[in-house]
Amino acid sequence: MADLGHAVAATDELPEPARFFAPDMFAGDVAVVTGGGTGLGLELSRSLAALGATVVIASRSAEHHGVFLEEAGQRGWNAHALELDVREPDLVHAAAREVLERHGKVDVLVNNAAGNFVCPAEKMSPRAWRAVLGIVLDGTFYCSRSFGKPMIAAGSGRILNVVATYAWTGMPGVAHSASAKAGVWALTKTLAAEWAPHGIRVNAIAPGPFESDGARANLWPDEETAERIRKKIPLGRFATREEVARHALYLLSPASDYLTGETLVVDGGLTLAAGRMWEPGAELERPRRKRS
């Protein structure tokens, strides 16, 4: 009974998304998470490390490394960080070489690095367009290529790309991000088909609106806008980062070993609601024909 109590206590100490999975699910794995020091990337990095993985977070700014590395030190996780601009293929290649020299392999890659802000297409500068395409689409390809090569050599690996539902629906104000995410969506399917013979699974997750400092600042900067978006979601609320991270962990776990080339939508039904003609709960009746 004492052993059971100890196990429960240990589980309670795990990051929230990790509590739904076996405590050693990623034991022995080496995982690289781009943009892994903030937002969704941080939740995934924490959970992967708590479930046994050696986690390498990569961000352009070392200022984004502190929260994760401090917690890793306190909890005894195997982790370190790299300063990396994913838009630069030579730097990505060097980062992959460093990870291989230090850890000998790469089992998991999460392409989470992103940039986004709302801007009408007619006002968007070429620099703004190129910045988002560079981080999201170019960066995903460069990282997949450089970290995918050792996976090919090993005959196994798991890659998870973070996209968005507006990649296939479109959305005003995000022409740059929607185009980039659509490219990543296509890249996911292409790499899944191309690398399946090497034992590599490539999937994507498409979150709807979820609570984060970046989204709050760039996509719904005031409560009125947030409430307007919230009313369009059938489940009536934004997701939390932890909820999205749970589904991402599933896609990286052995539970999804037969799944590749797929995109899991985690949006509370928002894309379902995009085409609705009536509000939920409305009383719908067949129109009565008038008798002549």
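K105 counts as partly exposed, because its relative accessibility is 33%. The scale works like this: buried means under 20% relative accessible area, exposed means over 50%, and partly exposed lies in between, with a 1.4 Å probe and protein chains only. The model is predicted, so local features need pLDDT of at least 70 and side-chain atom pairs count only at pLDDT 80 or more, while totals for chains, interfaces and linings use all residues. Residues are numbered from 1 along each chain as its sequence is written, and side-chain values use heavy atoms, with hydrogens and water left out.

**Salt bridges**

K105 has a charged partner. D107 forms a salt bridge with K105. D107 is buried, because its relative accessible area is 11%. A salt bridge here is a side-chain nitrogen of Lys or Arg within 4 Å of a carboxyl oxygen of Asp or Glu. By this rule, the model has twelve salt bridges. Three of them are listed below.

| Salt bridge | N to O distance |
|---|---|
| R46 and E43 | 3.4 Å |
| D107 and K105 | 3.2 Å |
| D257 and R201 | 3.8 Å |

Take the pair D257 and R201, which meet in a salt bridge. D257 lies in the loop between α10 (241–252) and β7, and R201 lies in strand β6, so the pair ties together parts that are 56 residues apart in sequence. D257 counts as exposed, because its relative accessibility is 53%. R201 counts as buried, because its value is 8%. Salt bridges that share partners also join E43, R46, E71, R75 and R241 into one network.

R46 is buried, with a relative accessible area of 16%. E43 is buried as well, at 5%. E71 belongs to helix α3 (residues 66–75). Is E71 buried or exposed? E71 is buried, because its relative accessible area is 12%. E71 touches R46 and W77, leaving aside residues up to four places away in sequence. Contact means heavy atoms within 4.5 Å.

**Strand β6**

Helices (H or I, at least four residues) and strands (E, at least two) are DSSP runs, numbered from the N terminus. Strand β6 spans residues 200–207, and eight of its eight residues are buried. In a regular strand, side chains alternate between the two faces of the sheet. On β6, one side carries I200, V202, A204 and A206, and the other carries R201, N203, I205 and P207. Both faces are covered.

Two strands pair if DSSP finds at least two bridges between them. Strand β5 (residues 157–162) pairs with β6 in the parallel sense, over six bridges. β6 also pairs with strand β7 (residues 263–266), again parallel, over four bridges. A204 takes part in both pairings: A204 is the bridge partner of N161, and T263 in β7 is the bridge partner of A204.

**Nonpolar cores**

A nonpolar core is a set of buried Ala, Val, Leu, Ile, Met, Phe, Trp, Tyr and Cys residues joined through side-chain atoms within 4.5 Å. The largest core has 34 residues, and F26, L48, L51, V55 and I205 touch the most other members. The elements giving two or more residues to this core are β1 (30–34), α2, β2 (54–59), α3, β4 (108–111), β5 and α10. A second, separate core has 26 residues, including L82, L109, M151 and I159.
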